[in-house]
Amino acid sequence: EKGYETGEHAPGLKLGGCGAYKAAHHIIKTHAKVWHSYNNTWRSEQQGMVGISLTSGWGEPVDPHSQTDRDAAERYIQFHLGWFANPIYRGDYPEVMKNYVGRKSAQQGLGTSRLPTFSVQEKTYIKGTSDFLGIGHFTTRYVLPKSFPFLQVSSYHTDRDLAELVDPKWPAPGSKWLYSVPWGFRRLLNFIKTQYGNPLIYVTENGVSEKAQHTQLCDEWRMEYLKGYINEILKALNDGVNVKGYTAWSLLDKFEWNKGFSEKFGFYHIDFKNKNKPRYPKASVDYYKKIISANGFPNPREVTS
């Protein structure tokens, strides 16, 4: 969406309303081709696994008793995660995506939907092409319905007919889009379990940035974030979700898309102004080491002894 619709990221194309859908369509077909290539050529010899990693927020209805709010939250997640996961696990784009984009395309006087279609052969070829699902997750939004008149320029965002809200009480220590809402992760993981047949899950990205320009090595908000989110993964495991591994994002401060080096997600601070780029551990390093060594939350008594 940022590369092919808004043009914020490379390749910087502004193909409103259709560019992101076309790019995604190619990604899904290409992913399936890679999976089949490995399956046919290397799997018997190497016994490896091929999956896809998808990043998704969680959408929570503003009013859980309102059907229209619940529908909007469902649209949020289907347009976000389902867009890629549904073809791979169920054989086609989510029905709600096909309905909404199709209807808005017709209102614009287009002969076909801006959301491309898979042939019967492609659906069969794509379905089941994932030995595991990688999940990147950072934050949550409250969602409610909002209609966008079709006279506006079409876009992925207006196709969904929803608005996103945040709770002002949610901690927001870093990037302006990143609020710490740990309970959303458990709900997302349980959604994946029920929607896609409880696939094997590896958490491939989960972490929080800092926006302060001066270095803050005492990053207690990062420890709080990790504690909250990892705790919700442990709850999801108790719910029967098949989470096999977790990767915190990230080891080092690094180049962060169009934000450059201004947003720091790392456990280790890097002094980019120094030609040798020295690395300095933040307080979260020691905290995360203890979580790794205990494979969960260490008993405080064991740590002190």
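Mentor: Axes are lines fitted to C-alpha atoms, for helices over the stretch in contact, and angles run from 0 to 180 degrees between N-to-C directions. Helices (H or I, at least four residues) and strands (E, at least two) are DSSP runs, numbered from the N terminus. This is a predicted model, in which local features need pLDDT of at least 70 and side-chain atom pairs count only at pLDDT 80 or more, while totals for chains, interfaces and linings use all residues. Residues are numbered from 1 along each chain as its sequence is written, and side-chain values use heavy atoms, with hydrogens and water left out.

Trainee: At what angle do α3 and α4 pack?

Mentor: Helix α3 (residues 67–90) packs against helix α4 (residues 95–107) at about 105°, and their axes are 9 Å apart. The two are therefore roughly perpendicular, a label for angles of 65 to 115 degrees, whereas under 35 counts as roughly parallel, over 145 as roughly antiparallel and the rest as oblique.

Trainee: Which residues meet there, α3 with α4?

Mentor: Arg75, Gln78, Phe79 and Trp83 of α3 meet Val96, Met97, Tyr100 and Val101 of α4; contact here means heavy atoms within 4.5 Å. By class, this contact has 6 nonpolar, 1 polar and 1 charged residues. Ala, Val, Leu, Ile, Met, Phe, Trp, Tyr, Cys and Pro count as nonpolar, Asp, Glu, Lys and Arg as charged, and the others, Gly among them, as polar.

Trainee: And how do α8 and α9 lie to each other?

Mentor: They are roughly parallel: helix α8 (residues 220–238) and helix α9 (residues 283–294) pack at about 25°, with axes 9 Å apart. Their contact divides into 6 nonpolar, 1 polar and 2 charged residues.

Trainee: New topic: where does UniProt place the "active site"?

Mentor: The unreviewed UniProt entry places that feature at Glu205. UniProt positions are given in the numbering used here, feature names are shortened, and annotations may be inferred rather than shown by experiment. Glu205 lies in strand β6 (residues 201–205).
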